[in-house]
Amino acid sequence: MDLVPSKAISDALFIVGLFLFVFIVIDLAIAAFRYGISATSSNKGMRAGVMSMVEKQINSKDTILYDAGAGWGGLCFALSRKFNNPVVGLEGGLAPWLLALARQKAQNNTHVTFKRTNIHKVQYENGSIIVAYLCMKGIQELYETLSKQDGHFVLISVAFAVNNIKYSTKHEAKDLWRTPIYIYNINGQNQKP
Ligand SMILES: C[S@@+](CC[C@H](N)C(=O)[O-])C[C@H]1O[C@@H](n2cnc3c(N)ncnc32)[C@H](O)[C@@H]1O
């Protein structure tokens, strides 16, 4: 008798799971196509490199740390564990943003906030540090976005350098590929160099 309802429930769960899976795959594909990079997480070596670079650049407990293109939020949580500063994760993809938000709520982590937005439409706080693990075109565009804003910014780029711009420091991550990490000091519009 009660075999029928339990089968109906398992069928319904299977269909919901399938829809969820298809939704996530489509959302990830759209975001990867739109932004030229998938929601791949940075590895342990990259994160350790980013942490040591941030540590050298941070000069106040109020300095905002952005992760421009936060993916599933892993780097933001790592930053919030090491520093007491506010951490803001910016992500355009719906599925990664939702998961990052769910993790933040589950941890009740008040240091981290996640915003679903295009990283080029954000007004970055003067004096902030912006970490980005993007594609080559993405980091170029982010540098241009920051240069047009009013303020001074530190941009930490994992993997890609900005074309024709001299970085202030270069670091090698201790991972298999010795991934380069570049630091740029950007004096945006109306800022004296
Ligand atoms: C390689 S993942 C980096 C994940 C995370 N920062 C980390 O280090 O683990 C890059 C993320 O940037 C996002 N992204 C790229 N360009 C973007 C843009 N213009 N606006 C919003 N998100 C963007 C992508 O959706 C992707 O999830």
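Author: Happy to; here is a close look at helix α4. First, this is a predicted model, in which local features need pLDDT of at least 70, side-chain atom pairs count only at pLDDT 80 or more, and totals for chains, interfaces and linings use all residues. Residues are numbered from 1 along each chain as its sequence is written.

Helix α4 covers residues 94-107; helices (H or I, at least four residues) and strands (E, at least two) are DSSP runs, numbered from the N terminus. With 14 residues, α4 reaches 20 Å from its first C-alpha to its last, close to the 20 Å expected at 1.5 Å a residue (the expected span is 1.5 Å times one less than the number of residues).

Now look at its two sides. Pro96, Trp97, Ala100 and Gln104 of α4 are buried, meaning that 20 or more other C-beta atoms, placed from the backbone, lie within 10 Å of a residue's own; exposed means 12 or fewer, and partly exposed is in between. Seen down the axis of α4, the buried residues fall within an arc of 100°, so they line one face of the helix; the arc is that of the directions from the helix axis to the C-beta atoms. An α-helix has 3.6 residues a turn, so residues three or four places apart point the same way.

What lies over that buried side? The cover includes β2 and β3 (112-116), judged by contacts, that is, C-beta atoms placed from the backbone and within 7 Å. Turned away from the buried side of α4 are the exposed residues Ala102, Lys105 and Ala106.

Key. Two residues are in contact if their C-beta atoms, placed from the backbone, lie within 7 Å.
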